[in-house]
Amino acid sequence: MSFASVQIYDNYLSLYAPKKSTRFDKHDKDELTDIYGRILQLNRKSPFYMLDPTTDTKRFAVQLKESARDFSHSIASLGGMDTDSLFSRKSAYSNNESIATIEYNRSEHTQVSDSLYELRVKELASPQKNTSAPLPANEPVGLESDSYSFDIDINHVQYELQFHIKDKETNEQLQTKIAKLINRSEFGLDATVKTFGQDMSYLEITSHATGLPPQRDYHFKISDHHTSYRQGVVNYLGLNKNISPATNATYEINGEEHTSYSNTFTLEEAYEITLHQTNHAPDDKPVIIGLAPDSESINHNIQEFVNSYNDFISITSDYDDSQNIATARLRREMHYMLLQHQGRIAQYGITANEDDTLSFTPQHTIAEPDALRKFGNHILEKMEAITLDPMEYVNKKICAYKNPGNTFIDPYTTSAYSGMLFNVYC
């Protein structure tokens, strides 16, 4: 592949490749019909114009649309797309995040109690780890120069690794070669060469998977009894001599013991809990987890909103009007929108900076977020318009205006970008 091809492919992946979908990317037939109708309305009286398709123009259009889409989803994730539910998302908390952290991911149909839970972590889930025997790092390998191979059994699938041992190759060089082969194969193992003492080295192979594998005693098994090339490396390096089996996580919730294959598990189909370390002693206080108070949840939602708002505002700083991009108009529109709501959102600890970004100071007591919801819905409407036609903020030459008495619907002239708007997300 040529260097030019690599650049083109990298540019495609960074700008045009599909982004991770969210639940807000799913649309039913009525929603798609509505989107199509709005595109037709945009074009009913839209003039014909010519674009200057420079690289900066294209990059800006893609980045603007993607940023507007991400900003919309960020706002919607704070409670939903409805006016009354915006900023109503609950937050969960843990009073000891060094032991366990928690995220609240309730689905629309899940009922969650307001009760607090006591969590004690007895043991963390661990991976399987094979440690080879330590060997003198700089001494020649004690095997003849030849082609060797060994097999790794993972979930009843056999992988064979083949390699050649050269004359005067050292033990550390052989260990490094095998570690690279395992890591490049990407079949769920990590291999690392480590030092021991002053001149000893060994190979450590660790599974990505944690917890006891179902109906098996191991996550992976190394052997060279039935391999294609010469045997001897497994026994020489001692790849099966020191095996630390995987273990499950063991924890108590309100005094009832549970186990998990992973250190991340779900409680009540709403709380995603990640364990980081065990309680140091049996008499340690348990970790208290549950829903945060409403004021804390609102503060958390506002902070996420402010961060997303500032991320969107910052994209205009990468471009200026000399690049054939009308960023001044976008900045002006966002500035006037902020002025309309600035006085009312100040009560939530939100202040506007000179560059039109926002700052937030958490409040101990917060009033009902009605004014904040109005601001959020105003932003959502603006982001929706930008998503439909990001080329509105690209400088272009008007060629002709349509006859106001005989306007015809043209679904393809919203912008040169229309064809790419919904081919990925809908």
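I took helices (H or I, at least four residues) and strands (E, at least two) as DSSP runs, numbered from the N terminus. Axes are lines fitted to C-alpha atoms, for helices over the stretch in contact, and angles run from 0 to 180 degrees between N-to-C directions; contact means heavy atoms within 4.5 Å.

I note that this is a predicted model, in which local features need pLDDT of at least 70 and side-chain atom pairs count only at pLDDT 80 or more, while totals for chains, interfaces and linings use all residues. Residues are numbered from 1 along each chain as its sequence is written, and side-chain values use heavy atoms, with hydrogens and water left out.

I then followed strand 7 (residues 146-154) and strand 8 (residues 157-165), which run antiparallel and are joined by nine bridges; two strands pair if DSSP finds at least two bridges between them. I found His164 of strand 8 as the bridge partner of Ser147, and Glu160 of strand 8 as that of Asp151. The two strands form a hairpin with two residues between them, and Asn155 in the turn has a positive phi of about 55 degrees.

I traced an open sheet of three strands in the order 8-7-11, with antiparallel pairing. Strand 8 and strand 11 (220-223) are at the edges with a single partner strand each, so one side of each has no neighbour in the sheet. Neighbouring strands here are turned by 25 degrees against each other on average, direction ignored.

**Nonpolar cores**

I looked up the largest nonpolar core, which has 37 residues; Phe305, Tyr309 and Ile379 have the most contacts inside it. Such a core is a set of buried Ala, Val, Leu, Ile, Met, Phe, Trp, Tyr and Cys residues joined through side-chain atoms within 4.5 Å. Among the elements that give two or more residues to this core are helix 3 (55-76), helix 6 (294-314) and helix 8 (370-388). Another core, of 24 residues, lies apart from it and includes Tyr148, Ile165, Ile182 and Leu189.

**Ser77**

I placed Ser77 in the loop between helix 3 and strand 2 (92-94). Ser77 is partly exposed, with a relative accessible area of 24%; buried means under 20%, exposed over 50%, partly exposed in between (1.4 Å probe, protein chains only).
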